[in-house]
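Subject: Structure handover

Hello,

Please find the structure below.

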Amino acid sequence: RVLILDFGSQFVQLIARRLREIGVYCEIHPCTVDDAFVRAFDARAVILSGSPASVTEADSPRAPQAVFELGVPVLGICYGEHTMCQQLGGNVEPDNHREFGRATIEVTVPSPLFDGILSPGEGAVVWMSHGDRVTRLPEGFSLIGKSTGAPMAAIADETRHFYGLQFHPEVVHSTIGKALLENFCFKIARLKGDWTMEAYKEQAIAKIRAQVGSGHVICGLSGGVDSAVAALLIHEAIGEQLTCVFVDTGVLRFNEAKEIVELFRGHFNIPLVHVDASEMFLEKLAGVSDPEQKRKAIGGLFIDVFEAEARKLGEVDFLAQGTLYPDVIESVSFKGPSVTIKSHHNVGGLPARMRMKLVEPLRELFKDEVRALGRELGLPEIFVGRHPFPGPGLAVRILGEVTKDRVQILQQADRIFLEEIRQAGLYDEIWQAFAVLLPVKTVGVMGDGRTYEWVSALRAVTSVDGMTADVYPFESAFLSKVATRIVNEVRGINRVTYDYTSKPPGTIEWE
Ligand code: XMP
């Protein structure tokens with residue numbers, strides 16, 4: 001296994017992810033661990049991450065010296081390279097030519113690190129982000145690659161198998177990055193690359209058991225893939241010590257509540273408390289048309305209902321959440337264990353109010369890894385690949401006031417749109433697709449009669465992370481078919497439009 005020491009880099013989880021992708025097991029630990037920890041860890045290789053700090057500042061962090069005495073390969077990335085150089089007797093200085101973003105690295109002498117990737121004289125695009133540079137190499141080291149802004153872009157002590165890179169091989173913009181990490185792991189550290197998601201699952205289960213002991217865990221299901229995967233994993237780990245609670249807010253997609261209940265109770269035989277709170281939510285939403293007030297009303301009531309259910313269960317020690325790595329704003333930093341979670345998280349207010357400890361078994365994973373883990377746990381494909389759905393649900397897709405009628409009308413339009421998308425085989429190409437209800441009346445004609453009904457807007461986007469999004473370019477025949485079906489089949493809608501706004505400037509949801 002590989003030990004990754006975290007110096008506070010925003011990319012540290014990406015290093016771990018790249019290693020998992022190539023089948024190598026690794027663990028991330030703060031750079032403040034001591035020599036005894038490093039020796040006991042029994043790593044086959046060590047990677048030192050980057051950092052926002054500078055080794056030229058007093059009291060910036062250092063690697064435990066034992067790292068360099070283990071006799072295993074060490075790869076220092078950016079700050080990791082700098083601290084390795086300094087700790088082994090080299091020198092690092094602040095650089096006037098700070099280098100950020102794209103750069104070209106050129107290999108100067110052959111090295112197992114570049115084996116099969118670049119020969120001397122050949123170059124490749126990499127991603128730099130640094131303000132310091134190595135000015136004197138430690139004894140035993142030599143230069144193996146250079147770039148315009150960083151003369152010591154890649155260095156090596158081939159005898160001790162110590163390598164330093166000024167650039168970040170873990171980011172996708174570094175085109176040769178993955179291949180470099182493969183060479184480091186397979187050719188230099190002689191790791192096998194036989195680690196799998198199944199092994200990750202076993203590890204995660206062991207971790208949950210160790211954390212929870214004989215305690216009780218409550219897990220809120222939202223219908224999304226993250227909470228479902230978290231619940232399945234925890235159930236495999238501790239069985240009956242887990243209770244799942246599903247709060248039906250009444251603003252879910254068509255049939256969604258039924259599907260979730262069937263999946264958990266029927267398919268997996270996991271005890272599930274199903275609270276149909278739809279009437280309460282609709283009452284709370286009556287007369288509310290401001291988007292932020294809708295969100296607050298739903299968020300607040302959700303917490304009340306969830307808390308009331310938890311109280312009925314008696315003693316509950318842990319709250320499980322499907323928090324993913326991108327939800328975690330800061331990586332575990334050398335400055336301390338404080339970690340912040342984005343506040344828009346659906347049940348964000350719960351842990352503090354309920355004074356429960358958190359179980360977050362997906363904290364280290366990215367969305368596609370959660371999907372892979374879901375498959376490993378037997379989650380049906382239809383759930384694994386589900387489009388994201390916002391906590392406030394259809395309430396933020398019905399402009400203005402939310403009423404039972406409006407919810408039902410929107411559910412039908414949305415169902416038809418998604419049915420057609422699935423049938424055309426486009427579901428997996430799209431990040432999110434849904435219908436929006438605009439309670440604005442327009443005039444139409446059906447048969448010989450005049451209609452005066454509402455408008456539905458269709459939205460479909462592609463995205464990698466939901467932060468930016470592009471409009472999905474449907475064929476016009478497809479959109480015509482969907483529009484015709486919606487107007488013919490859904491009473492209350494007589495006009496359909498397609499939203500052509502990317503994000504930015506639009507957001508994905510309409511409210
Ligand atoms: P926007 O509309 O901000 O949405 O472009 C970006 C992504 O976030 C989802 N979203 C939410 N998810 N709770 C959630 O769990 C929320 O309150 C919320 N609001 C938006 C949205 O569906 C999209 O995937």
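The domain assignment divides the protein into domain 1 (2-188), domain 2 (197-384) and domain 3 (403-498); such bounds come from an automatic or database domain assignment. This is a predicted model, in which local features need pLDDT of at least 70 and side-chain atom pairs count only at pLDDT 80 or more, while totals for chains, interfaces and linings use all residues. Residues are numbered from 1 along each chain as its sequence is written.

The C-alpha centres of domain 1 and domain 3 are 50 Å apart. Along its principal axes, the C-alpha trace spans about 90 × 55 × 40 Å. The protein has 14 helices and 18 strands, taken as DSSP runs numbered from the N terminus (helices: H or I, at least four residues; strands: E, at least two).

Of the 511 residues, 40% are buried. A residue is buried if 20 or more other C-beta atoms lie within 10 Å of its own, exposed if 12 or fewer, and partly exposed in between, with C-beta atoms placed from the backbone.

The largest nonpolar core has 74 residues, and V217, C219, V229, I234 and A320 have the most contacts inside it. A nonpolar core here is a set of buried Ala, Val, Leu, Ile, Met, Phe, Trp, Tyr and Cys residues joined through C-beta atoms within 7 Å. Helix α6 (residues 225-238) gives the most to this core, namely 10 residues. Domain 2 (197-384) and domain 3 (403-498) both contribute residues, so the core lies between them. A second, separate core has 63 residues, including A43, A45, L75 and Y79.

Helix α1 (residues 12-21) is mostly covered, with 8 of its 10 residues buried. Among the elements covering these buried residues are β1 (2-6), β2 (26-30), β3 (45-48) and α4 (177-188). Just after α1, G23 has a positive phi of about 80°.

Lastly, the axes of helix α13 (residues 404-423) and helix α14 (residues 476-489) come within 10 Å and cross at roughly 150°. Axes are lines fitted to C-alpha atoms, for helices over the stretch in contact, and angles run from 0 to 180 degrees between N-to-C directions. Q412, A413, I416, F417 and E420 of α13 make the contact with K481, V482, R485, I486 and E489 of α14; two residues are in contact if their C-beta atoms, placed from the backbone, lie within 7 Å.

Regards
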